Amino acid sequence: MRRYLRVVGLCLACGFCSLLYAFSQLAVSLEEGAAGGRRPQAAAMVSWLADGERGGPGRGAGSAGSGRPGRCKGSSLCYWNPYWMLPSAVCGMNCFWEAAFRYSLKTQPTEKMHLAVVACGERLEETLTMLKSALIFSIKPLQVHIFAEDQLHDSFKDRLDSWSFLQRFNYTLYPITFPSDSAVEWKKLFKPCASQRLFLPLILKEVDSLLYVDTDILFLRPVDDIWSLLKKFNSTQIAAMAPEHEEPRIGWYNRFARHPYYGKTGVNSGVMLMNLTRMRRKYFKNDMTTARLQWGDILMPLLKKYKLNITWGDQDLLNIMFFHNPESLFVFPCQWNYRPDHCIYGSNCRGAEEEGVFILHGNRGVYHDDKQPAFRAVYEALRNCSFEDDAVRSLLKPLELELQKTVHTYCGKTYKVFIKQLTKSIRNRYDTPPKER
């Protein structure tokens, strides 16, 4: 029996070596056949395998013709084209292994970020400005889910199709959709369409994670950075939001709410990061029944119980839900959802003072009136900015001059918080060589 196993093992080893030799000879013949002339090569890559043999990384394309003796010249830099031709300075065997490894890397899909927004009424321009701010700084591909009234669809399509040159961006338009048996009640809640966000886990069933934002949001740093907070969720957390207030003395929930709310001052749902898979699976504690209810089953009972007691619609319902399930919420700091409340009575967002504003939230319509000119200045700067690199680079100086004109307001007195992170984002995205990003 042992002798039989040895013979089988020897045969397998010989077969494997023969296969390697065949590939080696094939590579050599292709190299020789290509010696008479080649098409321009499309791409180049420094071999991870050869780096180890040569003592580490650091060699680029220039090392292929370093003048070393021998056919391979000590290089395994690989080029593959549709004709399977190898440069004469490349070892066929090295190229075989290298190409296999590179193919395995290419077949792994790039992570895509999902961003959702709900637009109704006269929110077209505001939504497009928000999307522009997201695309200017983001790095990974972005899939945008736009829920809008039917009369806005053609306008969105016309404008967004003109951005087709942005290779890392795709969008999908959806109609406003509520459960048929309670659509009227949900539409009347707070503002038209506002409660649509509550149904995103049920509508986007194929999406694992999602960043929801209001239309009056401006990204001053890459979406990638807030998306990375998903990795900081512990095993029980399903969503992330920022506190409604930093200073309890001016808080709304702790002074006026007639319903339960999360934490000391409640949370604001204008920027909400969600693990939709976990939200769909979770059974929520509640004050309506001893049984725990899933997301799709808890919404309507909550509305029926509290509809006479809530002021801010869907945000109040989320506060009630996370009051009973505090372990399910990840709270990120105020610079990720910076609103007029953080400066209108004096600066009270320490994170923004130290690091700058990451995401600007112009609620209360401050982008469109003169009550908070600092917020409006940032909005107008991004609305008028194009996607050209030079336009983004030249954004800062005119914006700073406009912000300096707002120092007569409380928010304007701390105008540097609006450009501190923005300056870093522009430098990192547009002034840093691609290999160093």
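Cysteine 343 is buried, because its relative accessible area is 0% and buried means under 20% relative accessible area, exposed over 50%, and partly exposed in between (1.4 Å probe, protein chains only). Cysteine 343 is joined by a disulfide to cysteine 411, with an S to S distance of 1.9 Å; a disulfide is a pair of cysteine sulfur atoms within 2.5 Å. This is a predicted model, in which local features need pLDDT of at least 70 and side-chain atom pairs count only at pLDDT 80 or more, while totals for chains, interfaces and linings use all residues. Residues are numbered from 1 along each chain as its sequence is written, and side-chain values use heavy atoms, with hydrogens and water left out.

**Disulfides**

- A search of the whole structure gives 3 disulfides.
- In the link of cysteine 343 and cysteine 411, the angle about the S-S bond is 85°, and the link is right-handed.
- This pair links distant parts of the chain, 68 residues apart: cysteine 343 sits in the loop between E10 and H13, and cysteine 411 in helix H17 (residues 410-413). Helices (H or I, at least four residues) and strands (E, at least two) are DSSP runs, numbered from the N terminus.
- Cysteine 411 counts as buried because its relative accessibility is 0%.
- Cysteine 334 and cysteine 349 form a disulfide with an S to S distance of 2.0 Å. The link of cysteine 334 and cysteine 349 is right-handed, with 95° about the S-S bond.
- Cysteine 334 and cysteine 349 both lie in the loop between strand E10 (329-331) and helix H13 (350-355), so the pair ties together parts that are 15 residues apart in sequence.
- Cysteine 334 counts as buried at 4% relative accessibility, and cysteine 349 is buried with a relative accessible area of 0%.
- Cysteine 120 is joined to cysteine 193 by a disulfide, S to S 1.8 Å. The link of cysteine 120 and cysteine 193 is left-handed, with -95° about the S-S bond.
- The pair links distant parts of the chain, 73 residues apart: cysteine 120 is in the loop between strand E1 (113-119) and helix H4 (124-137), and cysteine 193 is in the loop between helix H6 (183-187) and helix H7 (200-203).
- Both cysteine 120 and cysteine 193 are buried.

**Another cysteine**

- Cysteine 385 is buried, with a relative accessible area of 6%.

**Salt bridges**

- The whole structure holds 20 salt bridges. A salt bridge is a side-chain nitrogen of Lys or Arg within 4 Å of a carboxyl oxygen of Asp or Glu.
- Arginine 393 and aspartate 390 meet through their side chains in a salt bridge (3.0 Å, N to O). Both residues lie in helix H15 (residues 389-393), 3 residues apart, about one turn of the helix.
- Aspartate 390 counts as exposed because its relative accessibility is 55%, and arginine 393 counts as partly exposed at 35%.
- Arginine 393 also forms a salt bridge with aspartate 431, where the closest N and O atoms are 3.0 Å apart. Arginine 393 is in helix H15 and aspartate 431 in helix H18, so the pair ties together parts that are 38 residues apart in sequence.
- Aspartate 431 is partly exposed, with a relative accessible area of 47%.
- Aspartate 370 forms a salt bridge with arginine 376, the closest N and O atoms lying 3.1 Å apart. Aspartate 370 is exposed, with a relative accessible area of 65%, whereas arginine 376 counts as partly exposed at 28% relative accessibility.
- Glu244, Arg339, Asp341 and Arg364 are linked in a network of salt bridges.

**Backbone at arginine 364**

- Arginine 364 is not a glycine, yet has a positive phi of about 65°. Most residues other than glycine have a negative phi.
- Arginine 364 is placed in the loop between strand E11 (359-361) and helix H14 (373-383).

**Surface charge**

- A patch of positive charge on the surface is formed by Lys416, Lys420, Lys424 and Arg427. Patches are made of residues with over 30% relative accessible area and no salt bridge, like charges being joined within 9 Å and nonpolar side chains (Val, Leu, Ile, Met, Phe, Trp, Tyr) within 5 Å.
- Lysine 420 lies in helix H18 (residues 416-431) and is partly exposed, with a relative accessible area of 31%.

Methods. Accessible areas come from the Shrake-Rupley method with a 1.4 Å probe; for residues, only the protein chains shown count as cover. Lys and Arg count as positive and Asp and Glu as negative; His and the chain ends are not counted. The place of a charge is taken as NZ of Lys, CZ of Arg, CG of Asp or CD of Glu.
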